[in-house]
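Welcome, and please take a moment to look over the sequence and the model before reading on. We will walk through it one region at a time.

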Amino acid sequence: MASAVGHSKSKFKDIQHPPSLLAQDSLLDSPVISRKDVHLPRQQTVHPGFTPPEAFVLEGLLTNEECEFYIKESEKAGMESLEGIFPKEYRSNDRLLTLSIPAAHALFHRILPFLSPIGTSLLLFPPPTISSFLSSPPLPPL
Amino acid sequence: MGSGAEGVWIPCGLNECIKIGRYQTGCHFSPHIDGPWIPDENCASILTLVLYLNDSESENFPLKGGATNFLRPSSFSHASSLIGQSQTLHEVITTISPKTGRALLFRHDLLHEGAPLLEGRKFILRTEVLFRRIKSALKVPRHPPSSVDRTEKLVSLYNQSDAEYEQGKASDFVESYLEALEIQKADTADATCFILPPSILLEILRKLNDARDVVRTMLTSKGLYRLGRTGELWVNLFLSQWPYADDLAGTPVADNPLTVDWFKIFKKKFTGQSESRRAPKSRSGRKEKRDWLLKEDDFYLLAGRRLANRVTWGDVGGDSARPAIVVDCGGHTFKVGMAGQERPTAFIPAVVGRQRHMHSFSPYSKIVGEEALKRAGLYSLHYPCENDDITNWDNAELILQHSFSNVLKVTTEDHPIIVTENSLYQVSFIFLIC
């Protein structure tokens, strides 16, 4: 929450991003990712035939090395305490803001196969996602 | 996402502002919902992406606790402030524990918390998934805004929250941000309105084997009209009507079959046939019977007249039934009116007001003319013209749209338009306003 509030350039720090993340140029380069739905009771009333996914988990979106890389980089760049910005009883953690279009792009391409359109007119006829094609059984022989 | 978020949204990217969070032992994030990031009218964040960078088995940074809990909103609380209310106990529905490389994606408006970290340090990377609204052949009905007051309150709360953030007032800023989020969430449209996607509608049109039914369907709305012009439909109708036709009414089908307007070909063949049938009947003096065929008149009655949507160069003033719209795009005011009147119908100040903050849609995210001047505190003002030349075409287009649809209440398809022209105008702009 409130992550988008008060962007001003000086708050952003430059950090290195994992080379393996930036270097990927196709889906084949990305690690093996699996999706699990998180089951939550519906908050909205929708058509019973289709419930759009509200939350899901992607296992292995970043490899262990990439995760470690991020931790080390962010420690090196230095975190900023949120104590002065948010009340302590509401939120108490340290944060680092960084702007990187290439990293966002590469991450997006890893999660894209698991996303589906959202909207009012697609509820009755949910379109197939790429992942549902991948997991669909092979066609019967002719 | 609040009022104004109707339509179909497809994923288009991640927010390039990447947040890396570090929770020390004992740190937490109280129950909350996330706020959307809305860079423009057709682009908004819908999902939150939380990526855990370490877990209990990490070699360098092991941790304990710090799971993300999804909570059931509880309506009962004694606390007066919203921050206080967030401290009350909620029932946990699901728990997602940190695991290296695991990403959690969920809708912004789900209530969740970051549970206190028991041991070690927790690192997360978080950003938002951005979606883009796609154009649909059908108009999406707008969810009516609950009220103007409410919307203005939402806008001013977000502005206030941004200002308090800049001043460093910690609790005030969160308080007004939370209040704005509450209003926005309450205004979110229920997903109970269903519209069939164009592909399904086309499938239905394909099932109709009477041309009259298709034409009637096309008349009901612009979206269906455009859909009904699909060439494939008319090829099939043509072939089912005249399976052995070899003349094709002398039309050039040769070069590229995709560029051929099959609707026109069908119409030509159809009306040509009906004329030849009409002649002997009218001679016999009997009143013409309406048989199953479409007459040429029917076509004009049903579809033909509505096709007129073209740029007319030259003399357009003579038609009193369809007077021309006269537009003068001035640097200070836009003057609009109908031809034949002594004075312009309206003088619209050349100002567009745009919403300052980027956290909500509102039906009034862009306002024009005097309305914008009145609400200069809530909106940032933009001017389409500089030194009497139009420099911002988007803003000029907004003012013209407003003047056609709200002030003159005319459709641009039905009237010619006369624009006072500057030699620097782009031709594309002239086509745009036609």
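Just past helix α11 of chain B, B:Lys409 adopts a positive phi of about 55°. This is a predicted model, so angles like that one are read from a prediction. How far apart are the end C-alpha atoms of α11(B)? They are 21 Å apart, and since 16 residues at 1.5 Å a residue should span 22 Å, the two values agree.

Several residues of α11(B) are buried: B:Asn395, B:Ala396, B:Leu398, B:Ile399, B:Leu400, B:His402 and B:Ser403.

Strand β15(B), residues 352–355, is joined to β16(B) by three bridges, and B:Val352 has B:Val368 as its bridge partner in β16(B).

Now step back along chain B to another set of strands. Here β12 (residues 325–329) and β13 (residues 333–338) of chain B run antiparallel and are joined by five bridges. A hairpin of three residues links β12(B) to β13(B). One of the pairs to look for is B:Ile325 with its bridge partner B:Met338 in β13(B). Strand β13(B) also pairs with β14 (residues 346–349) of chain B, in the antiparallel sense and over four bridges; there B:Val336 stands opposite B:Ala346.

Next, the interior. In soluble globular proteins, nonpolar side chains tend to be buried together. The largest nonpolar core in this model has 46 residues, and the members that touch the most others are B:Leu49, B:Leu51, B:Leu53, B:Ala103, B:Leu105 and B:Val129. Both chains contribute: β2, α2 and α3 of chain A, along with β1, β2, β4, β8 and β11 of chain B, each supply at least two residues. The largest share, seven residues, comes from β4(B). Leaving aside neighbours within four places in sequence, B:Leu49 is in contact with residues including B:Leu14, B:Ala103, B:Leu105 and B:Val129. Apart from this core lies another, of 21 residues, among them B:Cys329, B:Val352, B:Ala372 and B:Ile390.

Finally, turn to chain A. Its elements are four helices and five strands, following the pattern α-β-β-α-β-β-α-β-α along the sequence. Of its 142 residues, 31% count as buried.

How confident is the prediction for chain A? The average pLDDT is 73, and 63% of the residues score at least 70. Within chain A, confidence is highest in α2(A), at a mean of 91, and lowest in α4(A), residues 130–135, at 48. Residues 1–9 of chain A stay under 50, and the pLDDT is also below 50 over residues 121–139 of chain A.

Definitions and conventions:
Residues numbered from 1 in each chain as written. Chains lettered and ligands numbered in written order. Predicted model: local features only at pLDDT ≥ 70, side-chain atom pairs only at ≥ 80, totals over all residues. Pairing = 2+ DSSP bridges. Core = buried A, V, L, I, M, F, W, Y, C linked by C-beta atoms within 7 Å. Buried ≥ 20, exposed ≤ 12 C-beta atoms within 10 Å, placed from the backbone. Contact = placed C-beta atoms within 7 Å. pLDDT = per-residue confidence, 0-100. Expected span 1.5 Å × (residues − 1).
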